[in-house]
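Here is a short briefing on one protein model. Look over the sequence and the fold first, then read the points below.

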Amino acid sequence: MNAPLYSQLPSHPVDLRSDTVTRPTPAMYERMLEAPIGDDGLDGDPSVAELEQDVAARLGKECGLFMPSCTMANLVAVLAQSNRGEQVVLEGTSHMYTSERGAATFTNLFYVGVPGQDGAMDLNRLADSVQSGGHKLPTALIAMETTHNNAGGTVLPLDHMQAVHAMGQERGIAVHLDGARLFNAAAALGLPPAEITRHTDTVSLCLSKGLSAPVGAVLAGPRSVLDRARTLRRMLGGTQRQSGLMAAAALEGVRTMGDRLSEDHVRARRLSDGINALGGPIRATSPQTNIVQIEVGATKMSNKEWVAALEAAGLRTRPWANTRLRCVTHRHTTDADIDAAVAAFRQVLASI
């Protein structure tokens, strides 16, 4: 007999490359089978509309727009709130700056990175970057990110977000939040997501990471912005047809998966503690959420060599920057997997 479609990921090797490896839950598959669908490019898809309304309400925004990916959601958010020749200001190690800045090559916008600490922009440097006049371009948008991927899953302090939003409002500049892992931030703070997103004008939410949906994202914000965003989505080829199949699974994730994300955070801390207890030339960060970075620069091996050696020992990780590895816990990660991951690091260390 064939295994059910919703079977869990194999326990070996342990896969901590990303929370994007999560598979849909049985309930998600059931919702997909039962979902009312339509053509979202013509007269609309009822399951997509329900997802958009639900997410917008949870994020305290007027409306939402279902997107194929969070990268597209961020791009559309930028395009919908800017004009050619303007600049977008964001923290210098943010995902939108380091991984999505290629969008500037065809938008005629300029991305300005601001130095920060743990993903939070230096407010004085931000204020300087958004000043207009003279040789400086006008700023169309300020972008924040929480949790912050390159900073190891850190959560932006709410007072920082409030200060950034206030600065934008004073200058008539919109503020966007790359909230790919927003629900992880909410779990870490013990707050509903809307308490975070009230300090932004627009926000993107990824559905295929910790929330375990198969694909997609939602962009939420004011109706005036989202109306323009819908047109831009079509121009970029992001309009999907019977996308209610995917939206139904995503809606299940949004409604049920947020409360369990703290389990991933606990296991990430166990992983960090276990690696640091090994001693030697490697050191793991102390995670706030579900991302652990391990510094291996003091060893005799490159991080790519570490990735290969760990995979041979039964653990899948990702190289990060030049001298780090990244491990991300998720729904399929068990306590036994954490023990196996620490054992893999121990095995490779012993071989050096």
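Is Lys209 buried or exposed? This is a predicted model, and in it Lys209 has a relative accessible area of 15%. Buried means under 20%, so Lys209 counts as buried. The points below start with this lysine and move on to the sheet and the helices.

**Lys209**
- UniProt lists Lys209 under "modified residue: N6-(pyridoxal phosphate)lysine", in an unreviewed entry.
- The residue sits in the loop that links S9 and S10.
- Leaving aside residues up to four places away in sequence, Lys209 touches Asp19, Thr20, Thr22, Ala180 and Arg181.

**The sheet**
- Seven strands make up an open sheet with mixed pairing. Their order is S2-S10-S9-S8-S7-S3-S4.
- Strand S2 (63–67) and strand S4 (110–114) are the edges, and each pairs on one side only.
- On average, neighbouring strands of this sheet are turned by 20 degrees against each other, direction ignored.

**Helices on the sheet**
- Helix H2 (residues 46–58) packs on the sheet and touches S2, strand S9 (202–206) and strand S10 (217–221). The direction of H2 makes about 125 degrees with that of S2.
- Helix H10 (residues 223–235) also packs on the sheet, with contacts to S2, S9 and S10. Here the angle to the direction of S2 is about 20 degrees.

**Strand pairing**
- Backbone hydrogen bonds pair the strands of a sheet, either parallel or antiparallel.
- S3 (residues 87–91) and S7 (residues 139–145) run parallel, paired over four bridges. Val89 stands opposite Ile142 in S7.
- S2 and S10 are antiparallel, paired over five bridges. Met67 has Ala217 in S10 as its bridge partner.

- S2 is an edge strand, yet five of its five residues are buried.
- Both faces of S2 are covered. Cys63, Leu65 and Met67 lie on one side, Gly64 and Phe66 on the other.
- Helix H3 (residues 70–80) is mostly covered too, with ten of its eleven residues buried.
- The buried residues of H3 are Cys70, Met72, Ala73, Asn74, Leu75, Val76, Ala77, Val78, Leu79 and Ala80.

Notes. Residues are numbered from 1 along each chain as its sequence is written. This is a predicted model: local features need pLDDT of at least 70, side-chain atom pairs count only at pLDDT 80 or more; totals for chains, interfaces and linings use all residues. Side-chain values use heavy atoms; hydrogens and water are left out. Two strands pair if DSSP finds at least two bridges between them. Helices (H or I, at least four residues) and strands (E, at least two) are DSSP runs, numbered from the N terminus. Axes are lines fitted to C-alpha atoms, for helices over the stretch in contact, and angles run from 0 to 180 degrees between N-to-C directions. Contact means heavy atoms within 4.5 Å. UniProt positions are given in the numbering used here, feature names are shortened, and annotations may be inferred rather than shown by experiment. Buried means under 20% relative accessible area, exposed over 50%, partly exposed in between (1.4 Å probe, protein chains only).
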